[in-house]
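Here is a brief report on one protein model with its ligands. Read it alongside the sequence and the coordinates.

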Amino acid sequence: MNLVKINFDRCKECGYCIKFCPKGCLSKGDKINKRGYYPPVYDATNCIACGSCARMCPDTVLTVYKDVDVQ
Ligand code: SF4
Ligand code: SF4
């Protein structure tokens, strides 16, 4: 499966990752980080590991892993 890791406290809630994910894997979160922002929530179900979210993020919050083994 594919996986996107979120560096939770780096996020500034700009929303670019949500807007530019072609598969709708990222959505607005409801947990606040230490900077006072609400980072996105990720659902791996339809993720194709295209990397768009990570490329659009201005704060290098997201790291994309393709075909990882999750036990
Ligand atoms: S890697 Fe692509 S499909 Fe997966 S969450 Fe990011 S933008 Fe969406
Ligand atoms: S693009 Fe980066 S900073 Fe903006 S909401 Fe997404 S993870 Fe947060």
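## Ligand shells, core and fold

In this predicted model, ligand 2 is surrounded by 14 residues. The closest are Cys11, Cys14, Cys17, Cys57 and Val61. By class, that shell holds ten nonpolar, one polar and three charged residues.

Ligand 1 has 13 residues around it. Cys21, Cys25, Cys47, Cys50 and Cys53 are the closest. Its shell divides into ten nonpolar, two polar and one charged.

The table sets out the two shells.

| Ligand | Residues in shell | Nonpolar | Polar | Charged |
|---|---|---|---|---|
| Ligand 1 | 13 residues | ten residues | two residues | one residue |

Next, the core. In soluble globular proteins, nonpolar side chains tend to be buried together. Here the largest nonpolar core has twelve residues. Its members include Val4, Ile6, Leu26 and Leu62. Several cysteines belong to this core too, among them Cys11, Cys17, Cys21 and Cys25. Cys47, Cys53, Cys57 and Val61 are also members. Some of these residues return from the ligand shells. Cys21, Cys25, Cys47 and Cys53 are among the closest to ligand 1.

Which residues does Cys17 touch, leaving aside those up to four places away in sequence? They are Leu26, Pro40, Cys53, Met56, Cys57 and Leu62. Of the 71 residues of the protein, 21% count as buried.

Now the fold. The protein has two helices and four strands. Along the sequence they run β-α-β-β-α-β. The radius of gyration is 11 Å, close to the 11 Å that the globule rule gives for 71 residues, so the protein is as compact as a globular protein of that length. The C-alpha trace spans about 30 × 25 × 20 Å along its principal axes. Among contacts with a separation of 6 or more, 62% join residues 24 or more positions apart.

Two backbone angles deserve a check. Glu13 is not a glycine, yet its phi is positive, about 60°. Glu13 sits in the loop between β1 (3-6) and α1 (16-20). It has 16 C-beta neighbours inside 10 Å, so Glu13 counts as partly exposed.

Ala49 also has a positive phi, about 55°, although it is not a glycine. The loop between β3 (41-42) and α2 (52-56) holds Ala49. With 17 other C-beta atoms within 10 Å, Ala49 is partly exposed.

Terms used
Residues are numbered from 1 along each chain as its sequence is written. Chains are lettered from A and ligands numbered from 1 in the order in which they are written. This is a predicted model: local features need pLDDT of at least 70, side-chain atom pairs count only at pLDDT 80 or more; totals for chains, interfaces and linings use all residues. A residue is near a molecule or strand if its C-beta atom, placed from the backbone, lies within 6 Å of it. Ala, Val, Leu, Ile, Met, Phe, Trp, Tyr, Cys and Pro count as nonpolar, Asp, Glu, Lys and Arg as charged, and the others, Gly among them, as polar. A nonpolar core is a set of buried Ala, Val, Leu, Ile, Met, Phe, Trp, Tyr and Cys residues joined through C-beta atoms within 7 Å. A residue is buried if 20 or more other C-beta atoms lie within 10 Å of its own, exposed if 12 or fewer, and partly exposed in between; C-beta atoms are placed from the backbone. Two residues are in contact if their C-beta atoms, placed from the backbone, lie within 7 Å. The radius of gyration is taken over C-alpha atoms; the globule rule is 2.2 Å times the number of residues to the power 0.38.
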